[in-house]
Amino acid sequence: MLAAYADAPNYDDPLAALKVGDHPDPVVPEGWVRIKMAAASLNWHDLWALRGMGSHWGRPERFPIVLGCDGAGRLDDGTPVIIYPIIGNPNWKGDETLDPDREVLSERYDGTLAEYTIVPARNVVPFPDDKLSYPAAALLGAAWITAYRMLFIKSDLKPGQSMLVQGAAGGVSTALIELGRAAGMEVWAAGRSEEKRALAKRLGAHHTIESGAKLPVQVDAVLDTVGEATWEHSIASVRTGGTIVTCGMSGGAVGKTDIPRIWIEQINIRGTFNGTLQELRDLVSFVVLHKLNPYVGSLFPLKRTEEALRKLADGKQLGKIVLEI
Ligand SMILES: NC(=O)c1ccc[n+]([C@@H]2O[C@H](COP(=O)([O-])OP(=O)(O)OC[C@H]3O[C@@H](n4cnc5c(N)ncnc54)[C@H](OP(=O)(O)O)[C@@H]3O)[C@@H](O)[C@H]2O)c1
């Protein structure tokens, strides 16, 4: 089958580690299912896998590995499904994201950038493909579930309260804007260009500001996917007793923190990782119920994965990049 995979890690030149070509068909173990992939999106996780970062660090035996940690396709019986990317210890009970043995697809197990992929039978969530396209459904298992958990599980936000999304046009940011608007929040988005701020407005942001600009009023919660480049602004922009939720570092990993403001003003800082299987089911219901259209910024065929990954790495995309398979 055709697949996009990391041949061997290359920290300095991740795209040199990428191969797009023939790869052995997966063999389906007992208790697992096979999915004929229709679409999968690109995530920073794919670039980290190519670099050999995260759970690949110091483990050359994990290569070659098929990339991709989200996606949508059909089971062998034709059921349309969205893939839940976390595979953990089968004896683990409760929140899958807290399982110390958890692995995201494309870490230990082959991922979704392939004509076929396999996962444990519990790792698929059916969806109505007459209400949600496959490229849109593909976004729900990584960027959108992360945004869902940031907003509904971690932020403490209630309908009518205000939120600032750092980064107007990112994959997780665009999901936060669409979800926040549908959930009745007052949505602010900070973006680096007029084009990105215009996209945020189109997707539902009530107000946009230039990245780093002072807000007229502090917000109830800040949702930060950027990290270093926006961290100080996030701390300055949240109200006393408010919450900052962080999920990423597309703008750098080491942020300067105004520590007295954290304790004097009792700011909550919470980290988050993907979401639970139940949260993915709830997200699918939320998206269908509110007739949301998860924003797909650009579509590429699987064989053009290299070009698509370069676009992600260069920060040139608006919204998510989806590969059609
Ligand atoms: N914790 C989890 O489970 C989880 C899940 C998914 C993603 N993530 C992480 O979240 C981060 C974002 O992922 P993504 O898929 O949304 O990436 P993305 O689509 O590439 O978006 C990058 C975002 O970062 C912003 N940005 C980058 N550099 C910036 C700078 N110097 N100043 C201000 N804004 C900057 C961009 O803002 P503009 O729109 O203004 O360009 C954009 O919103 C990544 O680190 C990723 O690994 C974590």
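**Group meeting: sheets, cores and cysteines**

I'll start with an open sheet of three strands, ordered S2-S1-S4 and paired antiparallel. This is a predicted model, so keep that in mind throughout. The edges of the sheet are strand S2, residues 18–22, and strand S4, residues 65–66. Each of those two has a single partner strand, so one side of each is left without a neighbour in the sheet. Strand S1, residues 2–6, is joined to S4 by two bridges, and the two run antiparallel. If you want a pair to look at, tyrosine 5 has valine 66 in S4 as its bridge partner.

Next, a parallel pair. Strand S12, residues 186–191, and strand S13, residues 207–210, are joined by four bridges. One of the bridge pairs is glycine 191 with glutamate 210 in S13. Between the two strands the chain passes through helix H5, residues 194–203, and this β-α-β crossover is right-handed.

Now the packing. As background, nonpolar side chains in soluble globular proteins tend to be buried together. Here the largest nonpolar core has 84 residues. Which of them touch the most other members? They are Leu140, Trp144, Met163, Leu176, Leu179, Leu280 and Leu283. Helix H3, residues 143–154, is the largest contributor to this core, giving seven residues.

Setting aside neighbours within four places in sequence, leucine 140 is in contact with Ile82, Leu132, Ile145, Leu280, Leu283, Val284, Val287 and Pro294. There is also a second, separate core, of 13 residues, and Ala190, Ile209, Leu215 and Ile267 are among them.

Last, the cysteines. How many disulfides does a search of the whole structure find? The count is zero. Cysteine 69 is in no disulfide, and the nearest cysteine sulfur to it belongs to cysteine 247, 12 Å away. For a disulfide, the two sulfur atoms would have to be within 2.5 Å. Cysteine 247 is likewise in no disulfide, with the sulfur of cysteine 69 as its nearest. Are these two residues buried or exposed, or in between? Cysteine 69 is buried, at a relative accessible area of 5%. Cysteine 247 is partly exposed, at 25%.

That is what I have; I'll take questions.

How values were computed: Residues numbered from 1 in each chain as written. Predicted model: local features only at pLDDT ≥ 70, side-chain atom pairs only at ≥ 80, totals over all residues. Heavy atoms only, no water. Pairing = 2+ DSSP bridges. Right-handed = clockwise from strand over helix to strand, strands pointing away. Core = buried A, V, L, I, M, F, W, Y, C linked by side-chain atoms within 4.5 Å. Buried < 20%, exposed > 50% of the residue type's maximum accessible area, 1.4 Å probe, protein only. Contact = heavy atoms within 4.5 Å.
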